[in-house]
Amino acid sequence: MTLFVPSITVDQVIDAVGDYLQLFTSVQIIRGNVNRTPMPKGSFIALTEVVSIPLNKPIEIYGDTTGTLSEHTRIDVQIDFYGWDLSDKAKAVHSSFRTIWAVDKLPAWLAPLYCSDIRKLPIVSAEEQYEQRWTMTATFQYNPDVIVPQDSFNTKGETSVIPADVFYI
């Protein structure tokens, strides 16, 4: 069975957002919602994709042997800043995200659309201590392509004439 992998994956989107955040801080950046993995010690940033929405019906372009299916996709990434010292970093990321600077620093295939306001949502740790967390949701657009096989008539096989006045039972 052939696997049809998009030209741009969600993992690549998350990596690109993480690379962008590394411009602001040197703390560890992790993928959110990973089972059986404890949260890092100290300050860190967690990235979690929360929604992926197609923005159009797939655009179909067919050639001789393959077809390309393109679909513009909106993805929302929740960015959680954990630690007392990251509130200012969250504000800096939020401010920069709304500028052309963000467009220039992100890969050409990933366009920032908008982001939510920053919210302080502390959580209680296993030690029953408050952990500081600031969160925002950043919305991006990317346009992955999927290459699929295309059946085509490119060789002449055996042909014959079928009489129209003959009944086949």
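In what order do the 3 strands of the open sheet with antiparallel pairing stand? The order is 3-4-11, where strands (E, at least two residues) and helices (H or I, at least four) are DSSP runs numbered from the N terminus.

This is a predicted model, in which local features need pLDDT of at least 70 and side-chain atom pairs count only at pLDDT 80 or more, while totals for chains, interfaces and linings use all residues. Residues are numbered from 1 along each chain as its sequence is written, and side-chain values use heavy atoms, with hydrogens and water left out.

**The open sheet**

Two strands are said to pair if DSSP finds at least two bridges between them, and the pairings of this sheet are as follows.

| Strand pair | Sense | Bridges |
|---|---|---|
| Strand 3 (59-62) and strand 4 (66-70) | antiparallel | 4 bridges |
| Strand 4 and strand 11 (145-149) | antiparallel | 5 bridges |

Strand 3 and strand 4 form a hairpin with 3 residues between them. Ser70 of strand 4 stands opposite Ile59, and in strand 11 the bridge partner of Ser70 is Asp145. Because strand 3 and strand 11 stand at the edges, each with a single partner strand, one side of each is left without a neighbour in the sheet. Neighbouring strands of this sheet are turned by 20° against each other on average, direction ignored, the axes being lines fitted to C-alpha atoms and angles running from 0 to 180 degrees between N-to-C directions.

Helix 1 (residues 10-21) has 12 residues and spans 17 Å from its first C-alpha to its last, close to the 16 Å expected, a value given by 1.5 Å times one less than the number of residues. Its buried residues (under 20% relative accessible area, 1.4 Å probe, protein chains only) are Val13, Ile14, Ala16, Val17, Gly18, Tyr20 and Leu21, and they pack against elements including strand 2 (44-54), strand 5 (73-82) and helix 2 (87-97).

Terms used: Buried means under 20% relative accessible area, exposed over 50%, partly exposed in between (1.4 Å probe, protein chains only). Contact means heavy atoms within 4.5 Å.
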